[in-house]
Amino acid sequence: MSNNSQNLSFNAGQAKGQTQEKASNLMDKTSNAAQSAKESLSEGGQQLKQKAQGATEAIKEKTGLNK
């Protein structure tokens with residue numbers, strides 16, 4: 001293999017490695033963002049559930065249904 005051909009092959013290998021690393025980093029970031037969104041939605045759902053339960057209890061007390 002000529003020197004020029006070896007250099008081209010080496011550079012192609014480096015480019016491939018860099019592309020794979022960037023893709024891996026992007027996948028990690030995407031996964032982290034998805035996990036964060038999932039946690040945020042879960043927390044929001046819990047807060048909504050608590051508010052609904054509180055409202056239900058308040059209505060029961062006002063209407064005398066909790067006795």
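Does serine 42 count as buried, exposed or partly exposed, and what is its relative accessibility? In this predicted model, serine 42 has a relative accessibility of 44% and therefore counts as partly exposed, because the partly exposed class lies between the cut-offs of 20% for buried and 50% for exposed. Serine 42 is placed in helix α1, which comprises residues 3-63.

The secondary structure of the protein consists of 1 helix and 0 strands. How does the span of α1 agree with its number of residues? The 61 residues of α1, at 1.5 Å a residue, should span 90 Å, and the C-alpha atoms at its ends are separated by 89 Å, so the two values agree. Within this helix lies glycine 13, a residue that is partly exposed because its relative accessible area is 41%. The separation between the C-alpha atoms of glycine 13 and alanine 55 is 63 Å, for a distance of 42 residues along the chain. Just after α1 comes glycine 64, whose phi is positive, at about 80 degrees.

The dimensions of the whole chain may be considered next. Along the principal axes, the C-alpha trace of the protein spans about 90 × 10 × 5 Å. The radius of gyration of the protein is 29 Å, whereas a compact globule of 67 residues would have a value near 11 Å. Of these 67 residues, 0% count as buried. The protein exposes about 6100 Å², of which 53% is supplied by carbon and sulfur atoms.

The charged side chains complete the description. How many salt bridges does the model contain? The count comes to 1 salt bridge, which joins the side chains of lysine 60 and glutamate 57 at an N to O distance of 3.9 Å. This pair meets the criterion because the side-chain nitrogen must lie within 4 Å of a carboxyl oxygen. How are the two partners placed along the helix? Lysine 60 and glutamate 57 are 3 residues apart in helix α1, so about one helical turn separates them. Lysine 60 has a relative accessibility of 31% and therefore counts as partly exposed. Glutamate 57, with a relative accessibility of 39%, is likewise partly exposed.

Conventions: Residues numbered from 1 in each chain as written. Predicted model: local features only at pLDDT ≥ 70, side-chain atom pairs only at ≥ 80, totals over all residues. Heavy atoms only, no water. Helix = DSSP H or I, 4+ residues; strand = E, 2+ residues; numbered from the N terminus. Buried < 20%, exposed > 50% of the residue type's maximum accessible area, 1.4 Å probe, protein only. Expected span 1.5 Å × (residues − 1). Rg over C-alpha atoms; globule rule 2.2 N^0.38 Å. Areas by Shrake-Rupley, 256 points an atom, 1.4 Å probe, with all protein chains shown as cover.
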